[in-house]
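Reader: I have a few labels to check. Please set each one against its cut-off.

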Amino acid sequence: MPDPSPHGSSSRSRAMLVPCLLLLVVLGLGSRSAVARQVLPGFVTEYAGDTLWATLVYVGILLLWPRLSVGRAAAGALGFSLVIELSQLFHPPWLDALRANPFVALVLGRGFLVSDLFCYAVGVALGVGLDVGLLSRSSRERP
């Protein structure tokens, strides 16, 4: 059945988004673990966390605005990720004090890396694929 919304997206089920969000958190944190470093290739442990973080941002935006179009959700996730990464170029004492907290550092990061920008693009693309392939489809298939 074609999507009736004006922006090419249907409302996603929050019942699907929440477990997806939790799984992304677990996978992202797990990718940084000592076990992951022993089992997974270095490339994966180096970049998976940032990639999954951007996917998490995409899914988080959908959780807040489930009727948002794929394009707007992707633009929002990329924009948010870019702002966070660019903020890492600035180091006022109050912001560095916040970043010293490991939980805040997971969101705000600590230092600017160009490679993170590529990870964010891949992560948002992964989120779009997840959205188009699973999240939006499951909401269209509901009775």
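Author: A disulfide is a pair of cysteine sulfur atoms within 2.5 Å. By that rule the structure holds zero disulfides. This is a predicted model, where local features need pLDDT of at least 70, side-chain atom pairs count only at pLDDT 80 or more, and totals for chains, interfaces and linings use all residues. Residues are numbered from 1 along each chain as its sequence is written, and side-chain values use heavy atoms, with hydrogens and water left out.

Reader: Why is Cys20 called buried?

Author: Buried means under 20% relative accessible area, exposed over 50%, and partly exposed in between (1.4 Å probe, protein chains only). Cys20 has 12%, so Cys20 is buried. Cys119 has 6%, so Cys119 is buried.

Reader: How many aromatic pairs are there in the whole structure?

Author: A search finds three. Rings of Phe, Tyr and Trp (its six-membered ring) pair if their centres lie within 6.5 Å; planes under 30 degrees apart count as stacked, over 60 as edge-to-face and the rest as tilted.

Reader: Why is the pair of Trp53 and Phe80 called stacked?

Author: The ring centres are 6.1 Å apart and the planes stand at 20°, so this pair is stacked. Trp53 lies in helix α3 and Phe80 in helix α4, so the pair ties together parts 27 residues apart in sequence. Helices here are DSSP runs (H or I, at least four residues), as are strands (E, at least two), numbered from the N terminus.

Reader: Are Trp53 and Phe80 buried or partly exposed?

Author: Trp53 has a relative accessible area of 13%, so Trp53 is buried. Phe80 has 39%, so Phe80 is partly exposed.

Reader: What makes the pair of Trp53 and Tyr120 tilted?

Author: The planes are at 45°, so the pair is tilted; the centres lie 5.2 Å apart. Tyr120 sits in helix α7 and Trp53 in helix α3, so this pair ties together parts 67 residues apart in sequence. Tyr120 is buried, as is Trp53. Ring pairs link Trp53, Phe80 and Tyr120 into a cluster.

Reader: Which classes of residue make up the lining of the largest pocket?

Author: The lining has 18 nonpolar, seven polar and six charged residues. Ala, Val, Leu, Ile, Met, Phe, Trp, Tyr, Cys and Pro count as nonpolar, Asp, Glu, Lys and Arg as charged, and the others, Gly among them, as polar.

Reader: Which element gives the most to that lining?

Author: α3 does, with ten residues.
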